Amino acid sequence: MARFRTWAGIALAGALCVSLAGCSSTGGKRAEDARKAAAAHGRAAVDTPRWTVAMITHSGDGDTFWDIVQSGAEQAARKDNIAFLYSHDDEAQQQAQLVDAAVDKKVDGIIVSLAKPDALKAVLARAAKAGIPVITVNSGSEQSKAFGALTHVGQDESVAGEAVGEELNRRGRKKALCVLHEQGNVGHEQRCDGVAKTFHGTLQRLYVNGTSMPDVQSALEAKLQTDRATDAVVTLGAPYADTAVQARRGAGSTAEIDTFDLNAKVAAGLEDGSLGFAVDQQPYLQGYEAVDLLWLYKYNADTLGGGRPVLTGPQIVTKDQAAALAAYTQRGTR
């Protein structure tokens, strides 16, 4: 990670030599200072003011996916001389209260996920009234613009679901199960809707209590025991893929386990064949780009996307790519 931070910072310092100083005689000192800062183990590579950015997500406790998002955001914050505040709550009203608190603190920018957008609409209107720029991340691409955000960073969940349906077709699957671990999450519904749109076989949905892995395993195991025709299981988060593998084993099923999202366990499962494929939406990139885009907006009034989401996925990952990605998943950046 240290080497990654150093070289990422040095690369940015080189870019700044062109964009900020033009490598002229008057800008040389600034470029040199930036290079020195970048080489100092993750310190700021810019000399812009110390702005404060708050990220508030719908993550529950212990969700490794959001650990990766947070890691990317923190890396960009260090580079951009930003004071970064992170908070989360999987209850929509509590998440809204956290956003409200960030507005009260008069932060310089807010990053927020919109898994349950209706609960965030009013508080984001308050942020807009206070003149605080907002970027949405991961969930809520369809509501992002209407809620006043500069842009949305993430994958289009419907498109990602469609990619899964097409991949299941290529693999000759006939009956798939889409496992939803968070009821009311619009992104999860969109994923399953997307699968249903392109999958030529039969798709069923199974709602499980995602806060309890034993409950997830028992519900999935029971379903696979009673429906032997199911030949593919699609989980909507990397932590649930391993649980699905255990449920398949307990049920004596031969169904292929596929998943949205990537982590070290998923990469290992792809490599050893216990998983079929994964859909990577690059969570590290979501966090990193969200912070970086706020910095660009504050520094230079730049926006990205032209009114459309900045897509970070989907990317279908199979056994062929697993080994190459393993080093990144182990360090927590994929």
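Okay, so a pocket here means an open set of grid points with protein on both sides within 12 Å along at least five of seven lines. Keep that in mind, and keep in mind too that this is a predicted model.

Let's start with the largest pocket. Its volume comes out at about 660 Å³. How many residues line the largest pocket? There are 34 of them, and the ones nearest its centre are Gly60, Asp63, His181, Glu182 and Tyr240. If you sort the lining by type, you get 17 polar residues, 9 charged and 8 nonpolar.

Now over to the strands, and to S3 in particular, residues 109–112. Are its faces buried or exposed? Well, both sides of S3 are covered: Gly109 and Ile111 are buried on one side, and Ile110 and Val112 are buried on the other.

Who are the partners of S3? One is S1, residues 52–57, which runs parallel to S3 and is joined to it by 4 bridges. Within that pairing, Ile56 sits opposite Val112. Another is S4, residues 134–137, again parallel, this time over 3 bridges. Val112 turns up here too, with Thr136 as its bridge partner in S4.

Terms used:
Residues are numbered from 1 along each chain as its sequence is written. This is a predicted model: local features need pLDDT of at least 70, side-chain atom pairs count only at pLDDT 80 or more; totals for chains, interfaces and linings use all residues. Side-chain values use heavy atoms; hydrogens and water are left out. Buried means under 20% relative accessible area, exposed over 50%, partly exposed in between (1.4 Å probe, protein chains only). Helices (H or I, at least four residues) and strands (E, at least two) are DSSP runs, numbered from the N terminus. Two strands pair if DSSP finds at least two bridges between them. On a 1 Å grid over the protein atoms alone, a cavity is a set of points where a 1.4 Å probe fits but cannot get out, and a pocket is an open set with protein on both sides within 12 Å along at least five of seven lines; lining residues have an atom within 4 Å of a point. Grid points are joined across faces, edges and corners, and a volume is the space filled by probe spheres set on the points. Ala, Val, Leu, Ile, Met, Phe, Trp, Tyr, Cys and Pro count as nonpolar, Asp, Glu, Lys and Arg as charged, and the others, Gly among them, as polar.
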